[in-house]
Amino acid sequence: MKIIDLLNKIANGEELPKKMKIKQWQYNAENENLEYELFDRLFEEDVELNDEVEIIEKKKIPEKLGLCAYEDGGISYSWSISEASLKTKINEIIDYLESKGE
């Protein structure tokens, strides 16, 4: 994405990336107002409309594991107690990370 594309998104009221990097400047939606900061950077620094914007993706938290039995080729299997407790602990860790925004 380029800066001009970002300006078009602002003009059209579209959702904007939460974190991005333009040259040395890193934008974080939690700490800054994008419109103000972007225009400030355009007029004060060496930033041009065709400069690339690097979108910084949020870390993906793995999905929770299922705690159910499964069937394979007509044969039914169920998780052993140790597998179920391991999955429960992994799910607790995922819940904790989600609550911290990790």
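1. Leu-6 is buried, its relative accessible area being 0% (buried means under 20% relative accessible area, exposed over 50% and partly exposed in between, with a 1.4 Å probe and protein chains only). The model is predicted: local features need pLDDT of at least 70, side-chain atom pairs count only at pLDDT 80 or more, and totals for chains, interfaces and linings use all residues. Residues are numbered from 1 along each chain as its sequence is written, and side-chain values use heavy atoms, with hydrogens and water left out.

2. Leu-6 belongs to helix H1 (helices, H or I of at least four residues, and strands, E of at least two, are DSSP runs numbered from the N terminus). Not counting residues up to four places away in sequence, Leu-6 touches Met-1, Leu-16, Pro-17, Met-20, Leu-34, Leu-38 and Val-53; contact means heavy atoms within 4.5 Å.

3. Helix H1 covers residues 3–11, and Ile-3, Leu-6, Leu-7 and Ile-10 are buried in it. Seen down the axis of H1, these buried residues fall within an arc of 100°, so they line one face of the helix (the arc is that of the directions from the helix axis to the C-beta atoms). They pack against strand S1 (19–22) and helix H2 (34–44). Just after H1, Gly-13 has a positive phi of about 70°.

4. The three strands form an open sheet in the order S2-S1-S3, with antiparallel pairing (two strands pair if DSSP finds at least two bridges between them). Strand S2 (25–28) and strand S3 (54–55) are the edge strands, each pairing on one side only. S1 and S3 pair over two bridges, and Met-20 stands opposite Ile-55 in S3.

5. The count of salt bridges comes to three; a salt bridge is a side-chain nitrogen of Lys or Arg within 4 Å of a carboxyl oxygen of Asp or Glu. In one of them, Lys-23 meets Asp-51 at 3.6 Å, N to O. This pair links distant parts of the chain, with Lys-23 in the loop between S1 and S2 and Asp-51 in the loop between H2 and S3, 28 residues apart. Lys-23 is partly exposed at 39%, whereas Asp-51 counts as buried at 16% relative accessibility.

6. Glu-92 and Lys-89 also form a salt bridge, at 3.0 Å from N to O. Because they are three residues apart in helix H3 (residues 81–100), about one helical turn separates Glu-92 and Lys-89. Glu-14 forms a salt bridge with Lys-9, the closest N and O atoms being 3.5 Å apart.
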